[in-house]
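Here is a predicted model to talk through.

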Amino acid sequence: MTPRHDDPEPIEDYLDELLSLLRLPPRATRRLLAETEDHLRQSANGLVEHSGSLVEAERAAVAEFGSPAEVARAANGARRLGPLGASAVTGWSLGALSATGLLAIGASGLLAALFNSLAGPRFVGALPVTHPASACRYYLAIHPGAHTCSQAAMLETSADAVSLRLVAGLAGLLLLVLIVWARRRLPGDVSMNRLRDGGVSGLAAVALAGAGVFLAAAALDTAVQHGSGGVGWYLSGAIPSCAGAVICGAAAWHRLRSLRPWTHVAST
Amino acid sequence: MDLGKGQLDLMLLAVLEQSPAHGYAIIAALRARSDGGFDLPEGTVYPALHRLESRGWIVSTTTAVNGRRRRVYGLTSKGERALRDGRRDWERTVGQIRAVLAVAP
């Protein structure tokens, strides 16, 4: 006999309510619902003789199973990370953010080297700052070919903009290798990993965009007030920061979009 | 009787120590072995089983029974070690509580 639409179906109603309360990845949701249905139907079959009707047996089976809220709370809670897992994810996220920042600094070092070779050391190194006498003596000692303190400081600054930033980039590369290696060992399911990766990418995008805007403004300010000297120092940082912000923003969008949180709202 | 997560996990491992079983049978065994004492909501056992599986303490396989896929859980060697350690800790705790509760002569 085909059941009428208004026939009571306690197990179906229970599964609908449980589904609406679960906050699990699709596969885990389907798995729990399949096991729940299997359990409830088996339980109802065992109770039908005692209950008198299948509907009453289903009601009894549902009652013994626990409320949907109780089961959903246990299932959603089982997915939460423990203190150790949360610490590992936090540490990894901070490491990933640091690696991104260091790599952007390394890229700015490469760009500074390019500026040095194309426009000369003045474009990067001639920052409009005054130098104390002790610093002047140091600069003139390591750049004996320089005729003035400003010239020696410019040569030193343009060289440091390359070497120190490249050292930071190298550290970023090493950290990146460590981060990639550790990523596979982190706890979490597919959607939690997407949320984590998307969150880290989003934070990196915001930080790099902020740095890019600040450095671009500093480059413009230097150009307006002092001419081209030292503009490359800021510009070599602004360009990779903005490029990194776009790349990280796209990565964040790609990862977070696949979670499609709006579908949960639409289905309720 | 209220159960903590650790105690429920330990009892689930103990049930699976004897032989692999599906969820319904695990709950039935839990109830039978406790003589009905641990009458917890049946549905909360499945999330606990999933948690144990994510830790690598148990493993599940699916089999077809009367045309329906049924998931059967079994203990892993890591789960056997966890059960052994859990039993030892439990015995120690129970011994300490028993010593404290003992009526002084």
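Q: What order do the elements of chain B run in, from the N terminus on?
A: The order is α-β-α-α-β-β-α, with four helices and three strands in chain B. Helices (H or I, at least four residues) and strands (E, at least two) are DSSP runs, numbered from the N terminus. As for conventions, residues are numbered from 1 along each chain as its sequence is written, while chains are lettered from A and ligands numbered from 1 in the order in which they are written. Since this is a predicted model, local features need pLDDT of at least 70, side-chain atom pairs count only at pLDDT 80 or more, and totals for chains, interfaces and linings use all residues.

Q: Why is A:Thr148 called exposed?
A: A residue is buried if 20 or more other C-beta atoms lie within 10 Å of its own, exposed if 12 or fewer, and partly exposed in between, with C-beta atoms placed from the backbone. A:Thr148 has 11 C-beta neighbours inside 10 Å, so A:Thr148 counts as exposed. A:Thr148 sits in the loop between α7 (133–142) and α8 (149–183) of chain A.

Q: How do you know that the span of helix α3 (residues 54–65) of chain A agrees with what it should be?
A: The expected span of a helix is 1.5 Å times one less than its number of residues. For the twelve residues of α3 of chain A that gives 16 Å, and the end C-alpha atoms are 16 Å apart, so the two agree.

Q: Which residues of α3(A) are buried, and what makes them line one face of the helix?
A: The buried ones are A:Ala57, A:Glu58, A:Ala61, A:Val62 and A:Phe65. Down the axis of α3(A), they fall within an arc of 135°, so they line one face; the arc is that of the directions from the helix axis to the C-beta atoms. These buried residues pack against α1 (10–21) and α2 (26–51) of chain A.

Q: What makes two residues count as being in contact, and how many of chain B are in contact with chain A?
A: Their C-beta atoms, placed from the backbone, must lie within 7 Å. By that rule, 13 residues of chain B are in contact with 15 residues of chain A. On the side of chain B that touches chain A, α3(B) gives the most, with four residues.
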